[in-house]
Amino acid sequence: MKDPRRGPGRYGYVIECMKDGKPVTREGFGGHEDTTESALTLQAIAEALEKLTRPCMVKILTSCSAVKVGIGKGWVYEWQKAGWKTQKGSEVKNAEIWQRVLKAASTPMSSIPEEPNPYEAWIESEMAKHE
């Protein structure tokens, strides 16, 4: 039986950084035909982190509770130590994307702040243009 939360979806991300003393903004968009919110969110984070060319502090803003908990409670590091198994011994969902995120992260991720994403409405409107 197919997971009822699966289906087509799109994602977007925004990277803000300083380069040569000036603010630089980059964005990216993508999607999949058969996916979940968690997988899309992790895909966006992985792609954004892979765009970074040098180590830096990263603030991730997302509304995806599974990703917030995985990073915020440090579960991702526990899963990694346990060979991508949960405490109950089952396979971690989206383990391959979690691994990409960790590989691309230049510094350990410890939290995702509970603050509004100033780009959320803009990303939504941009994704609509890409459909």
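This briefing describes selected strands, helices and residues of one protein structure. The model is predicted. Strands E1 and E2 run antiparallel and are joined by 12 bridges. Helix H5 packs its buried residues against these two strands, while helices H1, H3 and H4 are among the elements that cover the buried residues of helix H2.

- Strand E1 spans residues 7–19 and strand E2 spans residues 22–35; the two are antiparallel, with 12 bridges between them.
- Gly9 has His32 of E2 as its bridge partner.
- Met18 is likewise bridged to a residue of E2, namely Pro23.
- The hairpin has 2 residues between its strands, and Asp20 takes a positive phi near 55° there.

**Glu27, a residue of E2**

- Glu27 is located in strand E2.
- Its relative accessible area is 42%. Because buried means under 20% and exposed means over 50%, Glu27 is classed as partly exposed.
- Glu27 and Tyr13 are 14 residues apart in sequence, yet their C-alpha atoms are 5.5 Å apart in space.
- Leaving aside residues up to four places away in sequence, Glu27 touches Tyr13, Val14 and Trp122.

- Helix H5 comprises residues 120–129, and Ile123, Glu126 and Met127 are buried in it.
- An α-helix has 3.6 residues a turn, so residues three or four places apart point the same way.
- Ala121 and Lys129 are exposed on the other side of H5.
- The partners against which the buried residues of H5 pack are E1 and E2.

**Helix H2 and its surroundings**

- Helix H2 runs over residues 65–72, where Val67, Gly70 and Ile71 are buried.
- Viewed down the axis of H2, the buried residues fall within an arc of 85°, so they line one face of the helix.
- The cover over these buried residues includes helix H1 (37–51), helix H3 (75–81) and helix H4 (95–104).

**Ser38, a residue of H1**

- Ser38 belongs to helix H1.
- With a relative accessibility of 18%, Ser38 counts as buried, because the cut-off for a buried residue is under 20%.
- Apart from residues up to four places away in sequence, Ser38 touches Cys64, Ala66, Val67 and Asn94. One of these, Val67, is also a buried residue of H2.
- Ser38 and Lys88 are 50 residues apart along the chain, and 20 Å separates their C-alpha atoms.

**The packing of H1 and H4**

- Two packed helices are described by the angle between their axes and the distance between the axes.
- For H1 and H4, the axes come within 9 Å and cross at roughly 25°.
- This angle makes H1 roughly parallel to H4, because angles under 35 degrees count as roughly parallel.
- On the H1 side, the contact is made by Ala39, Leu42, Gln43, Ile45, Ala46, Glu47, Leu49 and Glu50.
- On the H4 side, Ile97, Trp98, Arg100, Val101 and Ala104 make the contact.
- The crossing in which H1 passes H4 is left-handed.

Terms used: Residues numbered from 1 in each chain as written. Predicted model: local features only at pLDDT ≥ 70, side-chain atom pairs only at ≥ 80, totals over all residues. Heavy atoms only, no water. Pairing = 2+ DSSP bridges. Helix = DSSP H or I, 4+ residues; strand = E, 2+ residues; numbered from the N terminus. Buried < 20%, exposed > 50% of the residue type's maximum accessible area, 1.4 Å probe, protein only. Arc of directions from axis to C-beta. Contact = heavy atoms within 4.5 Å. Axes fitted to C-alpha atoms, helices over the stretch in contact; angles between N-to-C directions. Parallel < 35°, antiparallel > 145°, perpendicular 65-115°, else oblique. Left-handed = near helix turned anticlockwise from the far one by under 90°.
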